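Please look over the model below before reading on.

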Amino acid sequence: MRETGRFTEAVMTAAMHQIADDLGVPADDARLLRLTNNAVFALPTAGIVIRIARSHGLHDRVPKVVQLAKWFAQVDAPAIRLAPGLERPVRAGELLASIWQYAPPTPPAPTVEDLGRALRAFHGLGVPPLPLPSWDPVGDARRRIADAEGLAEDDRDYLLDWCSELDPRISDFRQRTTEHLIHGDAHVGNLLRAPSGQVLLCDFDATCVGPWQVDLTAIAVGEIRFGRAGSHLALTSAYGYDVTTDPVWPLLRDARELKMIAAAVPLLASSSRVAAEFQTRLCSVINGDHHARWRPFAEVARSTATNGR
């Protein structure tokens with residue numbers, strides 16, 4: 001099936017080449033690393049990574065992550081750095097992107113234990129003097145729904161009703177907690193190992209201020225939904241806290257699952273396989289099946305490319 005829409009792989013690849021041309025860097029060896037909320041391309045010869053936002057409704061995240069990255073460099077945070085001299089968002093038509101240093105794959109691959117230690121250091125940085133958003137999974141989901149292509153009306157109504165149900169619960173929780181700097185999408189896929197051996201966090205689209213427990217939720221939910229046995233125990237040991245024992249765990253789980261489902265909404269018209277996985281996830285929530293297995297959208301997207309759609 002031919003994929004259509006504003007955010008297809010072909011559209012993103014063309015935008016990447018336009019950005020590379022504008023920067024005057026080679027892109028002959030460019031390769032696609034991810035095709036989810038962002039199209040992420042490595043350009044090894046140029047020594048950069050180009051991250052292109054795939055939803056116009058989330059363009060505000062691009063300047064945010066650029067400002068965060070500048071602060072991370074100042075405080076020597078365990079985080080990937082912007083490409084030297086490219087510390088600003090760049091455009092390709094209506095698309096917005098950021099440019100990062102390329103970190104060549106360096107063994108051993110980062111682990112859940114590395115993630116726990118990185119999060120401990122990250123949470124200890126304090127809140128940066130930047131106008132960061134507050135943790136708002138409902139607002140994020142609503143923006144994605146508003147930017148949707150190919151979303152069925154019944155599915156839209158269910159998602160919006162889910163948002164309305166979660167909103168007051170989340171507001172109450174936030175009023176009772178102290179805000180911290182949180183990554184917002186903390187999983188092993190958002191870790192890199194630098195050639196020096198240091199483990200670095202990346203992908204700060206969801207970084208905000210909010211309850212620190214949020215950053216321990218992705219692994220716990222991922223173990224349930226993706227069948228990654230042992231990962232939650234490893235994170236708990238490395239970080240020193242078991243989020244599933246927290247009284248607010250059911251709310252954190254619901255908010256994470258909303259994020260994991262809404263993430264695909266702007267891309268439904270771009271990939272039939274992502275659309276099918278979206279339906280699997282949504283139906284399991286509608287049916288109250290907390291143990292149904294899901295597949296990562298990144299894995300689904302790779303399958304699409306490998307099978308030639």
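In which loop is Pro108 found? Pro108 belongs to the loop between strand S5 (95-101) and helix H3 (112-123); helices (H or I, at least four residues) and strands (E, at least two) are DSSP runs, numbered from the N terminus. The model is predicted, so local features need pLDDT of at least 70 and side-chain atom pairs count only at pLDDT 80 or more, while totals for chains, interfaces and linings use all residues. Residues are numbered from 1 along each chain as its sequence is written, and side-chain values use heavy atoms, with hydrogens and water left out.

The peptide bond that joins Pro107 and Pro108 is cis, with omega at about -5°. Asp76 sits in the loop between H2 and strand S4 (90-92).

Two packed helices are described by the angle between their axes and the distance between the axes. Axes here are lines fitted to C-alpha atoms, for helices over the stretch in contact, and angles run from 0 to 180 degrees between N-to-C directions. H4 and helix H5 (residues 153-175) pack at about 160°, their axes 9 Å apart. This angle makes H4 roughly antiparallel to H5 (angles under 35 degrees count as roughly parallel, over 145 as roughly antiparallel, 65 to 115 as roughly perpendicular and the rest as oblique). Contact means heavy atoms within 4.5 Å. On the H4 side the contact is made by Pro137, Val138, Ala141, Arg142 and Ile145, and the residues from H5 include Arg156, Leu159, Leu160 and Cys163. By class, this contact has 9 nonpolar, 1 polar and 3 charged residues; Ala, Val, Leu, Ile, Met, Phe, Trp, Tyr, Cys and Pro count as nonpolar, Asp, Glu, Lys and Arg as charged, and the others, Gly among them, as polar.

The axes of H8 and helix H9 (residues 272-286) come within 9 Å and cross at roughly 150°, which makes H8 roughly antiparallel to H9. Glu257, Met260 and Ile261 of H8 meet Phe278, Arg281, Leu282 and Val285 of H9. That contact divides into 5 nonpolar, no polar and 2 charged residues.

On a 1 Å grid over the protein atoms alone, a cavity is a set of points where a 1.4 Å probe fits but cannot get out, and a pocket is an open set with protein on both sides within 12 Å along at least five of seven lines; lining residues have an atom within 4 Å of a point. Grid points are joined across faces, edges and corners, and a volume is the space filled by probe spheres set on the points.

The second largest pocket holds about 420 Å³. It is lined by 22 residues, of which Arg61, Asp136, Asp140, Ala206 and Cys208 are the closest to its centre. H8 gives the most to this lining, with 4 residues. The lining has 9 nonpolar, 4 polar and 9 charged residues.

There are 2 cavities of 30 Å³ or more. The largest cavity has about 70 Å³ of space, and its lining includes Asn37, Asn38, Arg61 and Asp205. The second largest cavity, of about 30 Å³, is lined by Asn38, Arg51, Ala53, Val62, Val65, Ser98 and Asp205. Strand S3 (48-53) and H2 are the elements that give two or more residues to the lining of the second largest cavity.
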